[in-house]
Amino acid sequence: MQSETMNTTFIKTNPEGKNYRPSRRTVEIVGHELLTQDIVRLTISDEYTAQQGQAGQFVNLYSKNPLQMSPRPFGISEIHGDKVSFIFAVVGRGTAEFRDMSVGDRIDILGPLGKPFDVSKTGRYLLVAGGLGIPPILHAAQKLSQRDDAQVTTMFGYRNEHFADSYVDQYCDDTRSIDNAQGNVIDLLNTWIQENDVKDLKSRAEDIHILTCGPEPMMKAVAAWACEHNIDTQLSLEERMGCGYGTCVVCITPTIHGNQKVCIEGPVFTREELGWK
Amino acid sequence: MFDATQEYTFTHGTVVAGVQWKSPIGTAAGTYNLDACSVYYNPAALGSVCTKGVSPVPWEGNPAPRTAETPAGTVNSVGLQNPGVDHYLEDDLPRLKAMGTTVISNVAGHSAEDFAYVVEKLAKTNVDMLEINVSCPNVKAGTSFAKDPVALASLVRQLRPLTDKPMIFKLSPNVSDIVPVAQAVVESGADAVSLINTFVGMRIDTRTGKPILANVTGGVSGPAIHPMAVGMVYKIRQAFHDFPIIAMGGTSSGEDALEFLYAGANAVEVGSAALVDPAAPVRIACELESLLDERPELSEALSVGKNWINRNE
């Protein structure tokens, strides 16, 4: 998108005074690398997403094949200038198509979408992620690295290859990772707490915040651990999506407020909202 | 880039059961959510906005997963999750009307009593039209009326005295012959039919051998069903030259909408296309506007409440 177009278009408001957003649009792929055999890092150029994208938000990517209509939502992993990156695994025909694209190709997107992590609080953030839950947590690490009043420890769990460690190292001094052969992220959390004075921790629990994303069993274990230590926790969920922007009511998750839409009322929920103990 | 946020005004309108639409293009029920969609375009520009089905009380809908991809379409089983008619009357409807939108309220229910309850509430409002959803394949008794012309005629007669608003009945394609169903609606005092709702279908995860949808089956929509929808609109139009028809099913371009209009529809609603591009209804309305510029005979027929088949009658 031309910046000139954006400046004239997206300061406009709808009849209720809300800012209009750009709909589906075509952007250029400016970066494309294989992190492992089946994990891809793809970078697009899109000024709007780069300016608006917050940690925990995602972008819909669309296949060029008209037979594959559904959106492929990917969490933003990093933003540099007007470049927005995603990291994803090849799991089906849609993601295989994106793997086979090249720099200079064009791709349709919609976003940024979804409710972001709240990273406005001061204190210590424990960023706990597993597998393909790492990308949005990586973005949270990037955002938090720009603040002086927040300290960050990252704990990443991998199946095998530690594909994101080199990215997160730029944003954080205390990065820890583990793979399935070594253990899991709960081991990392337990190690971390042993290194800290638990009594002191309890008195300062309100200054500690967990952000987590990954497979549901992992997040449930993190939520249970956080509950035990009385630490506030935000969790980013994944669900099959039909639209990604809140209109089709397909991607629901049970919450204490009833079924809520993961795409617009999430993907980030608090432990309390989900009723996870 | 197509800019959906411009203030579009269309010159080729249509009239459906006496209600003026600014364009023959509207949104289809279940694909328009006010908060989600109104940040992409002004709904008042369209011919109409048909809101998601509202039931007497809030419904939680079906468990997830609720969607599965299928070639040129999707299979969905939402189960009409909605916050209930009272919330709709306090929030969505007044906001849409304040913007100047022509609004169709889609009415959901498990029984004739449910439909009657919601129709009575909507009758007292400034909504423009009511669409009675007798064809949802994903809720208990969702399609029982749409499969039984006798029961459907009885429902139409029961609801008719409750409101002076134009009442549209949304028909199911999951019947062996749709014409007798339409006939029941036409002859019992309704004002229009809309078609088609989704086809019953399912997808199976071949890695597990199990259904992808938690509800096992769902409704198939998208470009894959467009030819079947055109065929059903055409059949009903051949049987009833004058009865208002709103067509929907896989419209993703102005050309697709034009096909429906040549089959005899008075108006067209966009559904699945909006799920993959929020601004699709406005884009399609713009495309159809250009196509109608070149087709004055069709445009003239629509503007006076006629259709392509009865334009000279």
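The model is predicted, so local features need pLDDT of at least 70 and side-chain atom pairs count only at pLDDT 80 or more, while totals for chains, interfaces and linings use all residues. Residues are numbered from 1 along each chain as its sequence is written, and chains are lettered from A in the order in which they are written.

**Where the chains meet**
- In chain A, 36 residues are in contact with 37 residues of chain B, contact meaning that C-beta atoms, placed from the backbone, lie within 7 Å.
- The side of chain A that touches chain B divides into 16 nonpolar, 12 polar and 8 charged residues, with Gly counted among the polar ones and Asp, Glu, Lys and Arg as charged.

**The barrel of chain A**
- In chain A, 6 strands close into a barrel in the order β1-β2-β5-β4-β3-β6, with antiparallel pairing; strands are DSSP runs (E, at least two residues), and two of them pair if DSSP finds at least two bridges between them.
- Strand β1 (residues 25-34) and strand β6 (residues 106-113) of chain A pair over 4 bridges, and A:T26 stands opposite A:D108 in β6(A).

- B:G249 counts as buried because it has 31 C-beta neighbours inside 10 Å, where buried requires 20 or more other C-beta atoms within 10 Å.
- B:G250 lies in the loop between β15 and α8 of chain B, and the residues that B:G250 touches include B:G222 and B:S272.

Definitions and conventions
Two residues are in contact if their C-beta atoms, placed from the backbone, lie within 7 Å. A residue is buried if 20 or more other C-beta atoms lie within 10 Å of its own, exposed if 12 or fewer, and partly exposed in between; C-beta atoms are placed from the backbone. Lists of a residue's contacts leave out its neighbours within four places in sequence.
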